[in-house]
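Here is a short tour for anyone meeting this structure for the first time. Have a look around before reading on.

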Amino acid sequence: MRPILMKGHERPLTFLKYNRDGDLLFSCAKDHTPTVWFADNGERLGTYRGHNGAVWCCDVSRDSSLLLTGSADQTAKLWNVKTGTQLYTFNFDSPTRSVDFGVGDKLAVITTDPFMGLPSAIQVKRIARDPADQSGESILVLKGPQGRINRAVWGPLNKTIISGGEDSVIRIWDSETGKLLKESDKEAGHKKGITSLSKSNDATHFISGSLDKSAKLWDMRTLTLLKTYTTERPVNAVAMSPLLDHVVLGGGQDASAVTTTDHRAGKFEAKFYDKVLQEEIGGVKGHFGPINALAFNPDGKSFASGGEDGYVRLHHFDPDYFNIKI
Amino acid sequence: MATEVMSMEDIRASALRLGIDFSEVDLDSIRLPPGEDFGIISDDEDLKEEEELEFEAGFGNIIVVDNLPVVPKEKFEKLEGVIRKIYSQIGVIKDDGLWMPVDHTGKTLGYCFIEYNTPQEAELAKEKTNGYKLDRSHIFAVNMFDDIEKFMKVPDEWAPPEIKPYSPGENLQHWLTDEKARDQFVIRAGSDTEVLWNDARQLKPDPVYKRPFWTESFVQWSPLGTYLATLHRQGAVVWGGASAFNRLTRYAHPQVRLIDFSPGEGFLVTYSSHEPSNPRDTHRVVLNIFDVRSGKVMRDFKGSVDEFAIGGTGGVTGVSWPVFRWGGGKDDKYFARIGKNVISVYETETFTLIDKKSIKVENVMDFSWSPTDPILALFVPELGGGNQPARVSLVQIPSKEELRQKNLFSVSDCKMYWQSNGDYLAVKVDRYTKTKKSTYTGFELFRIKERDIPIEVLELENKNDKIIAFAWEPKGHRFAVIHGDNPRPDISFYSMRTAHNTGRVSKLTTIKGKQANALYWSPAGRFIVLAGLKNFNGQLEFYNVDELETMATAEHFMATDIEWDPTGRYVATSVTSVHEMENGFNIWSFNGKLLYRILKDHFFQFSWRPRPPSLLSPEKEEEISKNLKKYSKKYEAEDQDVSLQLSEQEREKRKIVKEEWERWISEWKQLQEEEKLERQKLRDGEASDEEEEYEAKDVEVEELLDVQEEVISFD
């Protein structure tokens, strides 16, 4: 089917997130306004105004009432999804790069960039039922990894936190004690910075994308490397189909190199791989720049990609897709 | 001797027993008697030896000047001034770098040491001033300081060299005996250099030998594939062997930049250029010619870059490579280089000029050897503003007799293309139009093997077409030309024979509007790859010239290099690191089927291992190609076996992978089940877990749209 082209952002996309019901799509971009769209027809539903910098990441609560956004303006904000009002602002001393709600939406993990001599950090915040009771206090602050931490997500039962970043190491932390439990193996792990990290729906395994032109699938509890998907270009975004055994990789070269390369050289395609056999199935073209963000609809029948070109493309799969055999 | 390893604890215990305070013992003070190793065999023996070979004493920038006048104290300063004046012209003498020893009375001893900033300067100084006549009785004898020690070691009496017992070497052509008749290739990616078999049947390469940091710049096969040469700061090395790649011979040549084998692999030419210490001077170049097997320097050439930079373009820092071009086919009999108004032809018997002098040719621009015969083709441009025509002449070596000459008018440039058997020579001639504003191109075709060497002129139908590429069919009689002005040029094929064998060139066909700018004939002829590299992003067309039809079109996006394997069965296309992405190579069958692709970051080089020419006689080859069916049956059966086996293996592999995945899934399911309650608690009792909600199901829906009854006549 023809993809739906969603124009609404003025700057490159940074992150995409569906709510659990799969009817809403939240998009973040380097312009300062996260936007919510109808996931079915791509109609714009509303925006969340208030950030004063690029918005890097967002997460939505299970009941689709709360939106958490992290921005380069050194804040993370809680929003009322329905009304678009700001509920709370977490203030940090450096830009926030990624946010993730824990199971039950009572905890959130937020990563902050290295900035003005401050090292990067992973911070855990309690999310109050009633926004009036919300406090900005961190329950836990984890430090240690060199360089930016591009993504941190909760492990099973909120017992662990999984992080990946510029130092190309995936780490599992104990979310109670803050102890480092596991590190990805140097040999098996990524060779260059990790750009994205995405959990499976049941939070048993996750996929990481890296500038080393590969994506890797890991067991969430043991950090065992299960699969590796290699491609020709740096990977900026990864997503897993909740329905079929497919993974999608998006990427391209650095944004700074876009203008100096042939548009086909960047091959700004979203590439589909068989999750189990690690073989490439196909690609979806369209963006005029590298793909920065990917997300699967929880029903597995559509996916969205966000590019450096400022567009979100919403793809509903053709019936053929569900019959792919390799 | 027992070499049981004692732990520190054991040692302490026995020390206590012997009443020795172990902490008092200075372990470093223990000295082993010379020659005694206490049974501990050192494994760095090889290392030590290597280092000694590779590095000299480190006094490479010091020279010793001998035969100086012996002067008393009073004249010391004057002499020093004179020497300093002479030697500082050549390079920068280090502070306190001039030392002239004196005896107890202050009289000089007749020699001095001079230390330069660089070994190159020292080398130059030695070269330039050895034999310098200061006056009648003082002729300088200049030597490198490092060499003095070497000379000292020369025994006073000649001792006959030890004759080493003959030890049979490895079969350096072992790779040719591969049962599956596969070919090898070498690739360089990142810091690794790797030799692999092209296992087209298994659709993947099969590793042979891999080594990180094998070379410091590039690797190169010798023309017959026997050796693989690597380049290092100290010189070049060739490798080869039956099972692995062992170091065979080293060729010392500091800072070697380029190498070139003679066609018969007998000799190796190495080249380096050295920055001058004085910016006014030109670069100095050093060329050595080694005997490949013995590693001995047969002859060296040194000089300024200008002496070697005449004729041709391209190459490194103004020198057109190869400087020395080898002639006379695989016998390595002659080599030649172009100089100002001369062609210098050397022969390898004595490594001297033929007849002790170069061939004088006023204003010669370019020359090339016939690939098989000792025949030189020369090109001399127009002289005297067009009064004297340009000419191309063929010269026989060693007689230096002119076989054929052709005068050409209003020529702007000429390029020579030899057919690989030396049967034909095509000269592409760019001529000025009458207005001299533009040029057009024609070909002069020489039939070398026919009596009197007839020449034919070929002009394209559209005279104004630019020639983009030209290529002879290897061992054949056909050639291909890409011509045209627009972005989609035409490609024409010509044959030197016609149907009636009248010895006239005839056009076979022209294919119009192709995205191609390079031609790659199969080494066996008949097939050609029409490639669009650079601007055309790697368009490939596999063309059969016998049938004049396209077999396949394909694309290897951004491809930079294309190379046929030596047998003409496979084609390798590669994207090297000139591009940032897509690095790696593809292997195609001769008819354009993609067999496999390998991605490698920082991919620098792909090179097939050449094969020596076939040992079969032409008659035998004819016979084989006639009865090809009979011979190929065996291989076809083998192919089928392999492909069956392969698909079986593939199925098996997939099954294993799938099963393994299933195991993970079930494990996860179980864990999920176990944690269900806890998860519910975290969600304040909300039960639904997301994983059960969606499932792929095939649902067939039949809907009755319309029912119609129709009577069909039956007859």
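This is a predicted model: local features need pLDDT of at least 70, side-chain atom pairs count only at pLDDT 80 or more; totals for chains, interfaces and linings use all residues.

**Chain B overall**

As for its surface, chain B exposes about 42,700 Å², with 50% of that supplied by carbon and sulfur atoms. How do its contacts reach along the sequence? If you take the contacts between residues at least 6 apart in sequence, 45% of them join residues at least 24 apart.

**A look at B:L445**

Let's zoom in on one leucine. B:L445 sits in strand β29 of chain B, which covers residues 439-447.

Take B:L425 as an example: 20 residues separate it from B:L445 in sequence, yet the two C-alpha atoms are 5.8 Å apart in space.

**Where chain B meets chain A**

Now for the interface. Chain A brings 42 residues to the contact and chain B brings 34. Here are the figures for this pairing:

| Feature of the A and B interface | Value |
|---|---|
| Area buried between chain B and chain A | about 3,400 Å² |
| Share of that buried area on carbon and sulfur atoms | 55% |
| Salt bridges across the interface | 6 salt bridges |
| Polar contacts (both residues at pLDDT 80 or more) | 7 residue pairs |

One salt bridge to look for joins the side chains of A:R221 and B:E675, with 2.9 Å from N to O. Which parts of chain B supply at least two residues each to the side that touches chain A? They are strand β42 (594-599) and the helices α8 (628-674) and α9 (676-682). The largest share comes from α8(B), with 9 residues.

What kinds of residues make up this side of chain B? By class, there are 19 charged, 12 nonpolar and 3 polar residues on the side of chain B that touches chain A.

Note on methods. Residues are numbered from 1 along each chain as its sequence is written. Chains are lettered from A and ligands numbered from 1 in the order in which they are written. Side-chain values use heavy atoms; hydrogens and water are left out. Contact means heavy atoms within 4.5 Å. Buried area is the accessible area (1.4 Å probe) that two parts lose on being put together, summed over both. A salt bridge is a side-chain nitrogen of Lys or Arg within 4 Å of a carboxyl oxygen of Asp or Glu. A polar contact is a pair of N or O atoms within 3.5 Å; within protein, one must be able to donate a hydrogen and the other to accept it, and residues adjacent in sequence count only if both atoms are side-chain atoms. Helices (H or I, at least four residues) and strands (E, at least two) are DSSP runs, numbered from the N terminus. Ala, Val, Leu, Ile, Met, Phe, Trp, Tyr, Cys and Pro count as nonpolar, Asp, Glu, Lys and Arg as charged, and the others, Gly among them, as polar. Accessible areas come from the Shrake-Rupley method with a 1.4 Å probe; for residues, only the protein chains shown count as cover.
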